[in-house]
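This report describes the fold and the surface of one protein chain.

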Amino acid sequence: MSQKRRKCKLANSDYADVDLRQFEQTILDVVNKTVPNKNPKVFKKYFSTDVLTQSESVSLGRALSKIENLKAMGKTVITFRLFDGKVYDCEESKEQTKKSKHKGGRMA
């Protein structure tokens, strides 16, 4: 079975024709400094590393976005959020609990 790798390409499709090999040494240096021992490789359209954790991915993304030559090819993403959700006990179970609880006295 083959080893899994993480493949990263530019998010902004306006720069799909950019050859990332012209930034190879810079990308390799940043990856090796930020997440050591992840075996980075740079190709024309993408670079790859060994699989990263969420924390490592965020750290690497932040480090790469500070490189002026690459920063210009980035894309700003704005997320619209209408609702925030949370986990809770459903209303029906709260009502059943209230009905079934006795408040003192003898049970018949």
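Helices (at least four residues) and strands (at least two) are DSSP runs, numbered from the N terminus. The model discussed here is predicted.

**Overall fold**

The protein chain contains four helices and three strands. Along the sequence, these elements occur in the pattern β-α-β-β-α-α-α. Of the contacts with a separation of 6 or more, 60% are accounted for by residues 24 or more positions apart.

**The sheet**

The three strands form an open, antiparallel sheet in the order β1-β3-β2. β1 and β2 are the edge strands, as each pairs on one side only. β1 and β3 run antiparallel and are joined by five bridges. Within this pairing, K7 stands opposite S48 in β3.

| Strand | Residues |
|---|---|
| β1 | 5-9 |
| β2 | 41-42 |
| β3 | 46-50 |

**Burial and surface**

Buried residues make up 22% of the 108 residues in the protein chain. The accessible surface comes to about 9,500 Å², and carbon and sulfur atoms contribute 51% of this surface.

Which residues make a nonpolar surface patch of about 450 Å²? The patch is made by F80, L82 and F83. F80 lies in the loop between α3 (residues 68-71) and α4 (residues 91-100). Is F80 buried or exposed? Its relative accessible area is 71%; since a residue counts as exposed over 50%, F80 is therefore exposed.

Note on methods. Residues are numbered from 1 along each chain as its sequence is written. This is a predicted model: local features need pLDDT of at least 70, side-chain atom pairs count only at pLDDT 80 or more; totals for chains, interfaces and linings use all residues. Side-chain values use heavy atoms; hydrogens and water are left out. Buried means under 20% relative accessible area, exposed over 50%, partly exposed in between (1.4 Å probe, protein chains only). Contact means heavy atoms within 4.5 Å. Accessible areas come from the Shrake-Rupley method with a 1.4 Å probe; for residues, only the protein chains shown count as cover. Patches are made of residues with over 30% relative accessible area and no salt bridge: like charges are joined within 9 Å, nonpolar side chains (Val, Leu, Ile, Met, Phe, Trp, Tyr) within 5 Å. A salt bridge is a side-chain nitrogen of Lys or Arg within 4 Å of a carboxyl oxygen of Asp or Glu. Two strands pair if DSSP finds at least two bridges between them.
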